[in-house]
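Colleague: I want to learn how to read helix packing and aromatic pairs in a model. Can we take the features one at a time?

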Amino acid sequence: MKRRTFLMGAFAGTAALALGVNLYSPEFSLPEDSEGKDYRLLFSVLLPVMLDGALPDVATHKLAAQNRTLDAIKQSISVLPEEQQTELFELLDMLENRLGLLVLTSSMTPLLMRSPAELTEMLETWRHSYFALLQTAYLGLRELVMASYYACPEHWSRLHYAKPELFK
């Protein structure tokens, strides 16, 4: 057997395996919201990494802040223009899809199974990438998460910001 034949066979087998894993859909499905997917699970994995240092230290307060931010993310997505929603949903679908993960992160390991250090490294790789598409993906996710987090008035105290009073 020639080396080229072996390498092409290995490449074809790997591609077929990746395609099979991507097309395989298990019998169970998670209940979806009536308006469609809200990607709550995906954002719950990314939030602690993207809001590192901004979230409260107490576990119950941290969980409440994360839940409030997840609700704000859903609300923020609903007011985005249709084109931006479509682009965002394509990115989120790719992050939930193993073949999409392979393209975006060079790994088929689901984001749920990655450590915070691995997620931080992935996001930093996107941030400093030569590909404008990956930089746009990073900035879009970051702006969505940050805007949703700081849209909640209870998080303004960390910024030392107080709502202006019209009448004193």
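**Helices, packing and rings**

Modeller: Start with a contact list. Leu-123, Glu-124, Trp-126 and Arg-127 of H6 meet Leu-134, Gln-135, Ala-137, Tyr-138 and Leu-141 of H7. Contact means heavy atoms within 4.5 Å. Helices (H or I, at least four residues) and strands (E, at least two) are DSSP runs, numbered from the N terminus.

Colleague: What ground rules apply here?

Modeller: This is a predicted model, where local features need pLDDT of at least 70 and side-chain atom pairs count only at pLDDT 80 or more, while totals for chains, interfaces and linings use all residues. Residues are numbered from 1 along each chain as its sequence is written, and side-chain values use heavy atoms, with hydrogens and water left out.

Colleague: How many helices and strands does the protein chain have?

Modeller: Seven helices and zero strands. From the N terminus the order is α-α-α-α-α-α-α.

Colleague: What share of the residues is buried?

Modeller: Buried means under 20% relative accessible area, exposed over 50%, and partly exposed in between (1.4 Å probe, protein chains only). Of the 168 residues in the protein chain, 28% are buried. Sequence range is a separate reading. Take the contacts between residues at least 6 apart in sequence: 59% of them join residues at least 24 apart.

Colleague: How do I describe two packed helices?

Modeller: With the angle between their axes and the distance between the axes. Axes are lines fitted to C-alpha atoms, for helices over the stretch in contact, and angles run from 0 to 180 degrees between N-to-C directions. Angles under 35 degrees count as roughly parallel, over 145 as roughly antiparallel, 65 to 115 as roughly perpendicular and the rest as oblique.

Colleague: Apply that to H6 and H7. At what angle do their axes cross?

Modeller: At roughly 120 degrees, and the axes of H6 (residues 116–127) and H7 (residues 132–150) come within 7 Å. H6 is therefore oblique to H7. The residues of this contact divide into six nonpolar, one polar and two charged. For those classes, Ala, Val, Leu, Ile, Met, Phe, Trp, Tyr, Cys and Pro count as nonpolar, Asp, Glu, Lys and Arg as charged, and the others, Gly among them, as polar.

Colleague: How are H2 and H6 oriented to each other?

Modeller: They pack at about 80 degrees, with their axes 10 Å apart. So H2 and H6 are roughly perpendicular to each other. H2 supplies Val-45, Val-49 and Met-50, and H6 supplies Pro-116, Leu-119, Thr-120 and Leu-123.

Colleague: Which handedness does the crossing of H2 and H3 have?

Modeller: It is right-handed. The rule: a crossing is left-handed if the near helix is turned anticlockwise from the far one by less than a right angle, and right-handed if clockwise. The axes of H2 and H3 (residues 59–78) come within 10 Å and cross at roughly 120 degrees. H2 and H3 are therefore oblique to each other.

Colleague: Which residues of H2 and H3 meet?

Modeller: From H2, Arg-40, Phe-43, Ser-44, Leu-47 and Pro-48; from H3, Gln-66, Asn-67, Thr-69, Leu-70, Asp-71, Ile-73 and Ile-77. They divide into six nonpolar, four polar and two charged. Look at Gln-66. Gln-66 is buried, with a relative accessible area of 15%. Not counting residues up to four places away in sequence, Gln-66 touches Leu-47, Pro-48 and Leu-55.

Colleague: Now the rings. How many aromatic pairs are there?

Modeller: Rings of Phe, Tyr and Trp (its six-membered ring) pair if their centres lie within 6.5 Å; planes under 30 degrees apart count as stacked, over 60 as edge-to-face and the rest as tilted. By this rule there are two aromatic pairs. Tyr-39 and Phe-89 are stacked, at 5.8 Å centre to centre and 25 degrees between the planes. Tyr-39 lies in the loop between H1 (3–23) and H2 (40–50), and Phe-89 in H4 (residues 82–96), so the pair ties together parts 50 residues apart in sequence. Tyr-39 is buried at 6% relative accessible area, whereas Phe-89 is partly exposed at 25%.

Colleague: Why is the pair of Tyr-149 and Tyr-150 edge-to-face?

Modeller: Their ring centres are 4.8 Å apart and their planes stand at 85 degrees, so the pair is edge-to-face. Tyr-149 is buried, at 1% relative accessible area. Tyr-150 counts as partly exposed, at 25%.
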